[in-house]
Amino acid sequence: MKVVKEGRPQKGWATEQTCTGAGNGKGGCGAVLLVEEADLFKTSSSCMGEVEHYVTFRCIACGVDTDITNVPSHIRSKLS
């Protein structure tokens with residue numbers, strides 16, 4: 001294998017996501033973003049005594065939070 005053009009250095013785990021506002025009232029701008037491990041944070045909600053935890057990122061284009069589900073458990077466990 002041969003590298004034709006060098007890319008930027010990867011900073012841990014990353015995923016391509018669309019800003020949708022999912023789990024946060026919608027309203028996302030539709031920007032497609034490379035979301036890295038450092039961009040993620042935990043959020044939670046509670047209803048009738050049950051607490052749900054989510055992994056969330058904030059869009060750099062519009063500021064809307066979007067919850068995502070495809071985060072490996074070893075990354076999820078490191079979030080605060």
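**A tour from valine 71 to the cysteines**

Select valine 71: leaving aside residues up to four places away in sequence, its contacts (heavy atoms within 4.5 Å) are Trp13, Leu40, Val55 and Arg76. The model is predicted, so local features need pLDDT of at least 70 and side-chain atom pairs count only at pLDDT 80 or more, while totals for chains, interfaces and linings use all residues. Numbering runs from 1 along each chain as its sequence is written, and side-chain values use heavy atoms, without hydrogens or water.

Next, select Leu33, Leu40, Val55, Phe57, Ile68 and Val71. These touch the most other members of the largest nonpolar core, which has 14 residues. Such a core is a set of buried Ala, Val, Leu, Ile, Met, Phe, Trp, Tyr and Cys residues joined through side-chain atoms within 4.5 Å. Buried means under 20% relative accessible area, exposed over 50%, and partly exposed in between, with a 1.4 Å probe and protein chains only. The elements giving two or more residues to this core are β2 (32-36) and β4 (50-58); strands are DSSP runs of E, at least two residues, numbered from the N terminus.

Move to glycine 63, in the loop between β4 and β5 (65-68). Glycine 63 is partly exposed, at 38% relative accessibility. Its C-alpha is 9.4 Å from that of cysteine 19, 44 residues away along the chain.

Finally, select the cysteines. Zero disulfides (pairs of cysteine sulfur atoms within 2.5 Å) are found in the whole structure. For cysteine 29, the nearest cysteine sulfur belongs to cysteine 62, 3.7 Å away; cysteine 29 is partly exposed at 42%. Cysteine 59 is buried at 3%, and its sulfur lies 3.7 Å from that of cysteine 19, the closest, which is too far for a bond.

How values were computed: Helices (H or I, at least four residues) and strands (E, at least two) are DSSP runs, numbered from the N terminus.
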